[in-house]
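Thanks for giving me a few minutes this morning. I would like to walk you slowly through one model, so please have the sequence and the picture open as we go.

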Amino acid sequence: MPLLSIAVFLPLLGALVLMALPRQDARIAHGISIATAGLTFLVTLAIWARGTLPGGFAQVEEISWIPAIGAAYRLGIDGLSLPLILLTSLLFLLSSIFAARVKERPAVFVVLMLMLETASIGTFAALDGLLFYIFFEVSLVGMYFMIVGWGYEDRQRAGLMFFLYTLLGSLPLLLAIIGLYLASGTFDMRAWIDAPPLTGLAAMLALIAMLFTFAVKTPVFPVHTWLPTAHVQAPTVGSVILAGVMLKFGTYGLVRFALQMTPEAFTQAGQVILAFGVFSALYGAFAALAQSDLKKMVAYTSVNHMGYVVMGVAVAALATDPGIRTVALNGATLQMISHGLVTGALFFLVGMLQDRAHSREMAEFGGLLGLVPWLGWAFVLSAFASLGLPGLAHFPAEFQVFLATLNAAPWAIVAILAIVVTAGLYLRAIAAVFLGAPKAKWAAMPDLDRGEKLAIVPLLILTILVGVAPSWLLGMIDATMKALQF
Amino acid sequence: MLAGTVLTGAYLGRALNVLWTGTAGAAPGRIPMMTAGMAVLVALAAVLGPAFGPLERLLGAEMAEAGLIVAVLGLATGLSGLALGWSVAPARMLGPLFAPASGGFALAGGMDALVLRPALAIAATCEAFEQRLFGAQIGLVRAVGQRTASVAEAAEKGLYAATDAVGRMNLRLGDGVEKTDAEGIDRLIDGLVDGTIATGRRARRLQSGLIHRELALTVLGIALIAALLIAAPLYS
């Protein structure tokens with residue numbers, strides 16, 4: 001059974017069913033959304049159960065599409081893409097549960113979300129350059145309409161900025177894909193990985209084009225400025241999907257395209273890429289420290305966390321010891337998953353707080369831990385995870401990245417300072433929002449309801465599970481990373 | 001190590017003294033989850049000591065036996081520290097070290113001046129830079145957009161003017177063609193038609209019935225030509 005195709009197109013089918021229905025009230029729309037996202041999650045679990053191969057791609061599905069140019073419908077998974085597909089289907093399921101409270105044009109919202117899920121899973125599963133690019137671009141449309149249609153006060157501007165920035169950013173990737181095609185005569189990504197078709201100056205130009213695209217998407221300093229604006233203005237579900245799933249397009253592309261398809265050029269540019277990663281990690285942490293808006297603060301920590309991923313990938317290219325390469329890539333990949341879980345939870349929680357208080361300003365709050373203990377403790381746990389506390393999801397990832405960095409490029413260990421800054425900013429936020437004397441105006445603030453708990457608890461459990469026993473995830477990642485040849 | 005044990009015992013003795021003999025203030029509200037966490041920690045603190053040996057064996061990381069003397073000495077030192085902390089006031093115990101200890105042995109302004117303020121200053125700089133970067137990127141996009149738009153507008157105007165000129169030229173050409181049509185071709189055709197009509201009219205005169213006059217004139221003409229032809233050799 002073509003499980004990958006089912007996982008990719010089941011959400012789209014759900015969207016089509018909803019569009020075909022004569023009645024599209026909120027209950028039916030959200031019912032279809034949760035059922036479709038739930039089924040898709042189960043299908044991805046079945047894909048996980050089938051497993052990956054130690055080297056190369058597993059569960060490959062291939063149908064001829066445009067034979068004249070060697071483009072085909074090709075899907076497949078490995079230890080890099082499967083964890084991201086699982087994360088995507090989980091976050092979309094939880095977002096569907098949380099989004100059940102959307103009463104404004106619910107059917108359109110659900111259709112957009114399901115289309116976005118198809119595009120997201122498709123991006124991670126595609127093994128054809130053209131197909132990847134199509135899924136990659138289609139995702140922008142869904143997110144743009146989500147920000148513009150259901151965002152906050154300055155949503156039009158933020159949506160336009162997001163769309164233009166990322167669309168312009170992705171054009172160089174198209175040029176790089178065309179370059180790879182012209183050099184190889186096929187769009188088969190497996191062929192591009194097995195025998196990188198570009199060398200010398202052509203490879204370096206393709207790498208620069210790819211790096212620009214993925215740096216915008218990740219995002220990396222100085223092309224990160226769309227992110228805080230988009231996050232602050234996006235609806236809660238939009239922020240969760242943006243941070244949890246769509247930022248990973250950038251880091252996934254960094255490994256899958258930049259590192260695997262232009263390995264020599266990547267190694268030559270390794271120190272520069274590492275410098276960008278280090279600076280992004282530090283800059284993101286300090287910029288987050290300066291924020292008074294809780295959502296913007298969490299958004300900037302994404303720049304910080306994604307900086308560690310870039311560091312891990314760059315260190316993997318620079319390291320000569322295969323063991324260190326594997327550690328660096330394991331750390332970078334696990335960091336993508338951890339960030340999806342932890343930052344997804346943080347955006348859910350900030351959204352829940354904003355829904356109640358209609359404010360994101362930290363100074364407005366205080367003493368909420370006693371008033372809304374579920375929300376408060378969930379935030380504290382997620383914040384501790386985000387600052388890299390041992391036993392929680394980010395620790396094993398960041399530990400591996402720093403371990404490899406210390407070995408291959410010791411100067412870059414300076415980025416570890418960002419952890420101290422992140423700890424400071426989260427402790428300050430916890431103190432400002434959840435500790436101290438509660439303000440009278442929030443006395444009647446309700447705690448999390450059943451739907452909200454259902455959306456947040458799985459993320460918290462996984463945050464602890466990945467932190468305490470990451471081997472169930474790392475085993476799958478490690479097998480692929482060991483076999484990567486570059 | 002023994003000095004450390006004495007000092008640890010002393011501050012714990014002092015803490016216990018304050019707890020038992022100090023003046024009670026307003027207690028903060030209880031947080032059940034904190035109580036639960038504390039209960040777990042207390043239980044672990046009480047159990048882990050005796051369970052240390054079995055834990056060592058479980059983890060396969062057994063340490064060297066300390067011996068009875070070390071255990072007795074450690075216990076006696078700890079208890080001495082506790083007694084010292086309980087009975088002697090900190091100012092007396094620490095002497096000249098009391099004042100710097102009260103300030104946390106802060107060097108050069110301590111944590112606040114060495115870490116916190118620089119970190120916040122860097123954060124503020126980053127934020128200011130971020131705003132400028134954001135403004136610069138927006139400005140760049142706007143400038144490029146506006147420049148592109150103005151270039152496009154100028155091109156559009158040029159294109160319009162060119163199209164307009166071509167249109168006007170076409171119109172003029174059309175006028176010329178019309179004039180040529182009206183004053184040239186039409187007049188020529190008209191002239192031809194008029195000429196044809198006039199020729200027709202003249203031809204019709206031949207059919208006027210006065211044929212004998214036309215014949216007489218023709219015979220006269222022929223006779224005149226014949227006379228000229230005959231007379232011509234006479235003059236050669």
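Let me begin with chain B, where the C-alpha centres of domain 1 and domain 2 lie 111 Å apart. Domain 1 of chain B covers 2-18 + 36-105 and domain 2 covers 119-235, with bounds that come from an automatic or database domain assignment.

Before going further, a word on what we are looking at. This is a predicted model, in which local features need pLDDT of at least 70 and side-chain atom pairs count only at pLDDT 80 or more, while totals for chains, interfaces and linings use all residues. Residues are numbered from 1 along each chain as its sequence is written, and chains are lettered from A and ligands numbered from 1 in the order in which they are written.

Turning to chain A, we find 20 helices and two strands, where helices (H or I, at least four residues) and strands (E, at least two) are DSSP runs, numbered from the N terminus. The C-alpha trace of chain A spans about 65 × 60 × 40 Å along its principal axes. Of its 486 residues, 61% count as buried, and by buried I mean that 20 or more other C-beta atoms lie within 10 Å of the residue's own, whereas 12 or fewer makes a residue exposed and anything in between partly exposed, with C-beta atoms placed from the backbone.

How is helix H16 of chain A, residues 373-386, placed in the rest of the structure? Eleven of the 14 residues of H16(A) are buried, so this helix is largely enclosed by the rest of the structure. The buried ones include A:Leu375, A:Phe379 and A:Phe384, and among the elements that cover them are helix H13 (294-318), helix H14 (322-357) and helix H17 (394-408) of chain A. After H16(A) comes A:Gly388, with a positive phi near 90°.

Next, the contact between the chains takes twelve residues from chain A and 13 residues from chain B, two residues being in contact if their C-beta atoms, placed from the backbone, lie within 7 Å. On the side of chain A that touches chain B, helix H12 (270-289), H16 and H18 each supply at least two residues, and H12(A) gives the most, with four.

Of its 202 residues, A:Met311, A:Val315 and A:Leu349 touch the most other members, and the largest share, 18 residues, comes from H14(A). Leaving aside neighbours within four places in sequence, A:Met311 is in contact with residues including A:Leu274, A:Val278 and A:Val401.

I will finish with some backbone details, remembering that most residues other than glycine have a negative phi, and most peptide bonds are trans. A cis peptide bond, with omega about -10°, joins A:Thr218 and A:Pro219, and the bond from A:Phe221 to A:Pro222 is cis too, with omega near 5°. A:Pro219 lies in the loop between helix H8 (200-217) and helix H9 (226-233) of chain A, and A:Pro222 is also in the loop between H8 and H9.

A:Gln59, in strand S1 (residues 58-66) of chain A, has a positive phi near 50° and is partly exposed, with 18 other C-beta atoms within 10 Å. A:His358, in the loop between H14 and H15 of chain A, has a positive phi of about 55° although it is not a glycine, and A:His358 is exposed, with 9 other C-beta atoms within 10 Å.

Key:
A nonpolar core is a set of buried Ala, Val, Leu, Ile, Met, Phe, Trp, Tyr and Cys residues joined through C-beta atoms within 7 Å.
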